[in-house]
Amino acid sequence: MSLETVEKRQKFFELNRKRLEELAYRALYVLKMNPEDFIIVCIEVDDPNWTGLADHLMPDYDWQKIRDRGEIPVARGSVHASVREFIKEVVPDIAEALYRKLPDGYVRAVVMGIGGTSVYFIQPIIDSTYN
């Protein structure tokens, strides 16, 4: 994996970061989930490595309407932590990061796309729609 690919995925993460942090807040404080029991995912739907997972998590979603607006379809949400097993099979070199102990106050976010996968620890922030 090239440095350029990693940098592009980092930018992809930064573009989605606020929403991922809001989803983490929702999972923790609205759905009352334990941080070890879920991960936040951000999937570039058109990345061929992850299209199947996005379709599995969001069956029958009309991704084409997003493409028709000239946008990149992105699947974001909280999923059961067991999906780490699937991710680990596809990208074994990130297994350690998928299972590393979470620091207090953080949740795990996995960004899949731009030719690879990255794991981030994020802090939940309140979604402005809950104010």
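Modeller: The discussion below takes a helix, a surface patch and a pair of strands in turn. Please note that this is a predicted model.

Colleague: Which residues of helix α4 are buried?

Modeller: A residue is called buried when its relative accessible area is under 20%. In α4, which spans residues 83–90, Val83, Arg84 and Ile87 are buried. Viewed down the helix axis, the buried residues of α4 fall within an arc of 100 degrees, so they line one face of the helix.

Colleague: What covers the buried residues of α4?

Modeller: The cover includes the strands β1 (38–44), β2 (74–80), β3 (107–113) and β4 (116–122), together with the helices α2 (51–57) and α5 (95–99).

Colleague: Which residues form a nonpolar patch on the surface?

Modeller: Tyr29, Val30 and Leu31 form that patch, and together they have about 270 Å² of accessible area. Leu31 lies in the loop between α1 (3–30) and β1.

Colleague: In which sense do β3 and β4 pair, parallel or antiparallel?

Modeller: β3 and β4 pair in the antiparallel sense, over seven bridges. Within this pairing, Tyr120 in β4 is the bridge partner of Ala109. The hairpin of β3 and β4 has two residues between the strands, and in this hairpin Ile114 takes a positive phi near 50 degrees.

Colleague: How many residues of β4 are buried?

Modeller: Five of the seven residues of β4 are buried, and the strand is thus mostly covered.

Technical notes: Residues numbered from 1 in each chain as written. Predicted model: local features only at pLDDT ≥ 70, side-chain atom pairs only at ≥ 80, totals over all residues. Heavy atoms only, no water. Buried < 20%, exposed > 50% of the residue type's maximum accessible area, 1.4 Å probe, protein only. Helix = DSSP H or I, 4+ residues; strand = E, 2+ residues; numbered from the N terminus. Arc of directions from axis to C-beta. Contact = heavy atoms within 4.5 Å. Patch = residues over 30% accessible without salt bridge, like charges linked within 9 Å, V, L, I, M, F, W, Y side chains within 5 Å. Areas by Shrake-Rupley, 256 points an atom, 1.4 Å probe, with all protein chains shown as cover. Salt bridge = Lys/Arg side-chain N within 4 Å of Asp/Glu carboxyl O. Pairing = 2+ DSSP bridges.
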